[in-house]
Amino acid sequence: MLLGIQIHEIVGIGLFLLYAVSVASLVLVLLLENRNPLKTIPWVIVLIFLPGVGLIFYFFFGQDNRRQRIISAKTYKRIIRPLGANRIMHDTDACSVQLQFQPLANLLKRNGRCVMLYGSEIEYFTNGADKFKAFLDDIASARHHIHVQYYIFNDDEIGETVRRALIAKAREGVIVRVLYDDVGCWNVKKQFFNEMRDAGIEVFAFLRVVFPVFSGKVNYRNHRKIVVIDGKTGYIGGMNIADRYVTGSSLGFWRDTHFRISGKGVYGLQSAFLIDWYAASRRFIKGKVYYPKLPVYEDNIMQIAVSGPTDRWRTLLQAVSFCIANAKKYIYIQTPYFLPTEGLNQMLQMVAMGGVDVRLMLPKQCDTRLVNMATHSFIDDMLKAGVKVYFYTAGFLHSKLFLTDDELACIGSANFDFRSFEHNFEVNAFVYHAPFALRMKEMFMNDLEKCEHVVRTEWRKRPLLTRLSESFMRLFSPLL
């Protein structure tokens, strides 16, 4: 009996020492990676105070893939090479942005290889019914290829409608390629996509999570929403393929923004899709048919910027930071999740205190409770600095929009949070065009009529326990 107890104690001590060494090793790895301290500290807390669970969480969500490449530099250049061709850039004389934004355009070209594309037509949708009607009409008119990429492609009513439309075109001989995020579509039955494959559609999942080989990549998801039809028409924005964008949910109407692009801006969407397509399928797609000669529709310039955790630079984070720091008149932001990096947090407060009109629109009700709690922890300091904060009350605000100075609009898939700027693969369009920016400003103002203006004196009256819980969740904002 005594010997058995001793063995039991020795095993217990051995397991404890093994765990302690594992935690100490991971903490050392975190320190050697030279991560942002604001991201390192939460992981240290999780590892130390959640024995066992902390290790599992780190294994799935904590590994830094920034130094890894999902596509070689050589292949990347081959895919984007058509964007530099003279036949695409023959309007180079028109590709000159306002003096205020020239450094931004240069920044995007250098760190994201974002070509300036001239003369696109942009139509916007603020509800899923209108967006999916136009989308399905464009699918029906396709003649050569349809490229579809979504974070979520649900097997619900709207998902089935889109799937049937794609299958019908594949049977007509149109090339159809579908790319979906493996985690975003975890609850979708395999049969849903297999039936597409059986109909001749090429379908791949992005960064498949197969335990344990790719489990470390579960935290790095492809949040992009891209559609390209015949290289002439494209879609970008915040809507996934799901019923809630049409019929709403328990939160009510889903207010989102999506964009239909005609013209050369589609070239940027095409190259972004083909890069992700190669990363997922290892199939290299090329040919002039994917970049057809297109007319000039409007006097605007667009840069399609992609950003992801394996990039050398945080392209969208740098670009948005530049826009905030250089704003002269106003900054208007719509986002469902507001978890800014410390740099963005300080810059927004700084420019607001300097007299720039900063307005932040958030949903009053959020679909993620913990994220909503962490978001609320940032509001008091924003109000104190003079930022105007509004809660959208006519449903759930899922729109992603960044406007500044009646000249620039940033539209796409990225939220204003750590996850979009640091962990996700995102795509946004920077549009340099006063008329378009003013249209987006008008849309923002219309949404303001459905908002509650947050007053600091009232905000401060919230229960102490509520404020403490929000502040606690803020510690984990880099992980949410």
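Helices here are DSSP runs of H or I with at least four residues, strands are E runs of at least two, and both are numbered from the N terminus.

A word on the source. This is a predicted model, where local features need pLDDT of at least 70 and side-chain atom pairs count only at pLDDT 80 or more, while totals for chains, interfaces and linings use all residues. Residues are numbered from 1 along each chain as its sequence is written, and side-chain values use heavy atoms, with hydrogens and water left out.

Back to H12. This helix covers residues 342–353, 12 residues in total, and reaches 17 Å from its first C-alpha to its last, close to the expected 16 Å. The expected span is 1.5 Å times one less than the number of residues. Its buried residues are Leu-344, Asn-345, Met-347, Leu-348, Gln-349, Val-351 and Ala-352. Buried means under 20% relative accessible area, exposed over 50%, and partly exposed in between, with a 1.4 Å probe and protein chains only.

Now the whole protein. There are 18 helices and 20 strands, and 58% of the 480 residues count as buried.

Which residues touch the most other members of the largest nonpolar core? They are Phe-153 and Phe-430, in a core of 94 residues. Such a core is a set of buried Ala, Val, Leu, Ile, Met, Phe, Trp, Tyr and Cys residues joined through side-chain atoms within 4.5 Å. Helix H11, residues 315–325, gives the largest share of this core, 7 residues. A second, separate core has 47 residues, including Val-228 and Tyr-290.

Next, salt bridges. One is a side-chain nitrogen of Lys or Arg within 4 Å of a carboxyl oxygen of Asp or Glu, and a search of the whole structure finds 22.

Asp-276 pairs with Arg-224, the closest N and O atoms being 2.7 Å apart. Asp-276 lies in helix H10 and Arg-224 in the loop between strands E5 and E6, so the pair ties together parts 52 residues apart in sequence. Both Asp-276 and Arg-224 are buried.

Asp-406 and Lys-441 also meet in a salt bridge, at 3.4 Å, N to O. Asp-406 is in the loop between strands E16 and E17, and Lys-441 is in helix H16, 35 residues apart. Asp-406 counts as buried because its relative accessibility is 17%, whereas Lys-441 is partly exposed at 22%.
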